[in-house]
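Visitor: I have this one open in the viewer now. Can we go through a few spots together?

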Amino acid sequence: MVDQPPHRLASTLEERLQELETEFHRAYWDSQVDASEANERRRAELELEVRRFKGDPERLAAINAALDEQLYDPVLRRQLEVLRLSLTGNQMDEEQRARMVELSSSVEGDFAAFRPEVDGRRVNDNDILDILRDSDDDGRRREAWCASKEIGSHVAERVREIVRVRNQAAHDLGYGDYYLMSLDLQELDAEWLFEILGELESLTDEPFKRWKADLDERLSARFGVSELLPWHYADPFFQQLPPDGRVDLDDLFEGADAGDLARRTFESWGIDIDPVLVASDLFPREGKCQHAFCLDVDRSGGDVRILANVVPGERWVEVMLHESGHAAYDVSISPTLPYTVRRAAHTFVTEAVAILSGRLVRDPQWLTSIAARDEQAVASLSDQLHAANATQSLLFARWGLVMAHFERDLYADPEADLDARWYELVERLQSIAPPPKAALKRGQWASKIHLAVAPVYY
């Protein structure tokens with residue numbers, strides 16, 4: 001393999017990698033739409049096969065040798081560089097590799113299948129959000145909020161173990177921890193990144209606290225309390241704009257088809273996502289992942305899918321626009337590019353497209369031209385819509401800071417008191433007091449699925 005010319009080496013590796021990853025992506029999709037033991041087992045087997053292929057040290061040595069040559073083709077150099085980064089992150093012994101896949105698969109399977117109880121009945125994430133949005137009953141709100149965190153307590157020790165295994169693999173490669181390794185392999189400088197995040201915290205501090213104080217005043221009046229607790233907010237993570245802090249568009253979207261709105265949006269820009277929507281799974285049911293994501297199965301542009309759990313209202317219209325932004329990006333990548341570089345230029349680029357797409361839900365022009373809402377009604381809300389979009393960006397920035405700082409600390413010391421650290425950050429960055437001891441269960445921090453299955457993504 002080392003003796004192969006660089007272009008032949010790249011094409012040979014890519015051909016096999018595409019076969020393996022495509023098969024794995026199909027199995028992954030099956031495991032998310034139907035969290036059965038058989039689907040989880042198949043998904044784990046194929047992930048392990050992909051990681052074994054990438055973890056071959058001889059393949060990495062061949063890529064490094066090719067990169068040492070004088071390469072005049074920038075696309076070929078980038079192919080090899082992307083392969084180097086991907087293979088480097090998978091250099092570990094077989095025991096580490098198998099344990100990592102076993103743990104992450106089991107945790108993700110539990111997230112897909114787990115349903116807590118509220119009022120003696122099994123509920124899903126949408127049910128919990130409905131209670132936190134509508135109920136004025138303090139006890140019921142508390143029960144719903146605590147239910148939203150139960151999955152964290154269920155998986156927390158396994159998440160710590162995943163972190164330990166990932167850290168050991170990173171240490172073996174000479175990195176301080178897995179978080180630092182991941183940033184390096186994503187071509188991000190840790191010092192630069194946290195300087196930017198520090199500046200973001202400083203710039204958003206005053207406007208966020210001003211907006212939050214106004215929200216808290218309204219919530220205190222609504223619930224008749226002087227001290228607000230986490231369940232007085234409408235989102236278990238306080239990452240989405242609450243009804244008490246924005247113009248409520250649910251009535252405007254009554255009877256709207258979120259998928260069709262997404263289709264018409266991108267059609268107006270000359271991007272056809274019809275095949276995406278046909279291949280997608282958009283509505284909630286038992287045994288299905290409760291979150292939302294977009295998956296490019298084979299990077300051909302012809303098999304991109306969205307998983308969602310759409311129910312009526314503004315929130316899922318925004319989510320569908322967001323995920324369709326990812327899909328529109330994927331189907332627009334040139335199919336003539338080599339497999340390795342036939343993907344988003346970087347994670348933050350496709351996320352930027354998705355976030356900008358999601359923001360359209362509060363854009364007056366989009367509401368009238370695409371969503372066909374009443375022009376007079378939209379015009380009367382114009383100022384509030386613009387303010388809501390600005391506030392959503394502010395709110396999500398603060399939530400993103402919680403995740404970035406917590407995850408860095410998680411990998412720096414997985415044996416620390418993570419429950420205390422989580423609520424320290426929530427209090428500092430989101431101005432939300434920690435729950436009282438009676439409602440504070442170990443491992444609530446692990447209820448955010450990204451920590452286990454999408455590491456160093458935020």
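This is a predicted model: local features need pLDDT of at least 70, side-chain atom pairs count only at pLDDT 80 or more; totals for chains, interfaces and linings use all residues.

Visitor: Where does Ser-431 lie?
Guide: Ser-431 is in the loop between H17 and helix H18, the latter covering 450–453. Its phi is positive, about 55 degrees, although Ser-431 is not a glycine.

Visitor: Which other residue has a positive phi although it is not a glycine?
Guide: Glu-187 is one, with a phi of about 60 degrees. Glu-187 sits in the loop between helix H8 (178–185) and helix H9 (190–223). With a relative accessible area of 42%, Glu-187 is partly exposed.

Visitor: Back to H17. What does H17 give to the lining of the largest cavity?
Guide: Four residues, and H17 gives the most to that lining. Helix H7 (138–172) and helix H17 (418–430) each supply at least two lining residues.

Visitor: How many cavities of 30 Å³ or more does the structure hold?
Guide: One. The volume of the largest cavity is about 100 Å³.

Visitor: Which residues lie nearest its centre?
Guide: Of the 13 residues lining the largest cavity, Trp-145, Pro-236, Phe-237, Val-426 and Ile-432 lie nearest its centre. By type, the lining divides into ten nonpolar residues, one polar and two charged.

Visitor: Change of topic. How many salt bridges does the count come to?
Guide: The count comes to 42 salt bridges.

Visitor: What does Glu-21 meet in a salt bridge?
Guide: The side chain of Arg-299, at 3.5 Å from N to O. Glu-21 lies in helix H1 and Arg-299 in the loop between strand S3 (293–296) and strand S4 (304–307), so this pair ties together parts that are 278 residues apart in sequence.

Visitor: Is Glu-21 buried or exposed? And Arg-299, buried or exposed?
Guide: Glu-21 counts as buried at 8% relative accessibility. Arg-299 is buried too, with a relative accessible area of 15%.

Visitor: What about Glu-19, what is its partner?
Guide: Glu-19 forms a salt bridge with Arg-16, and their closest N and O atoms are 2.9 Å apart. The two are three residues apart in helix H1 (residues 6–33), so about one helical turn separates them. Glu-19 is partly exposed at 43% relative accessibility, and Arg-16 is partly exposed at 34%.

Visitor: And in helix H9, how far apart are Arg-210 and Glu-206?
Guide: Four residues, which means about one helical turn. Their side chains meet in a salt bridge of 2.4 Å, N to O. Glu-206 is partly exposed, with a relative accessible area of 49%.

Visitor: Last one. Which residues form a nonpolar patch on the surface?
Guide: Ile-355, Phe-396, Tyr-457 and Tyr-458 form one, and together they have about 330 Å² of accessible area. Of these, Ile-355 lies in helix H13, residues 347–358. Ile-355 counts as partly exposed, at 40% relative accessibility.

Definitions and conventions. Residues are numbered from 1 along each chain as its sequence is written. Side-chain values use heavy atoms; hydrogens and water are left out. Patches are made of residues with over 30% relative accessible area and no salt bridge: like charges are joined within 9 Å, nonpolar side chains (Val, Leu, Ile, Met, Phe, Trp, Tyr) within 5 Å. Accessible areas come from the Shrake-Rupley method with a 1.4 Å probe; for residues, only the protein chains shown count as cover. A salt bridge is a side-chain nitrogen of Lys or Arg within 4 Å of a carboxyl oxygen of Asp or Glu. Buried means under 20% relative accessible area, exposed over 50%, partly exposed in between (1.4 Å probe, protein chains only). On a 1 Å grid over the protein atoms alone, a cavity is a set of points where a 1.4 Å probe fits but cannot get out, and a pocket is an open set with protein on both sides within 12 Å along at least five of seven lines; lining residues have an atom within 4 Å of a point. Grid points are joined across faces, edges and corners, and a volume is the space filled by probe spheres set on the points. Ala, Val, Leu, Ile, Met, Phe, Trp, Tyr, Cys and Pro count as nonpolar, Asp, Glu, Lys and Arg as charged, and the others, Gly among them, as polar.
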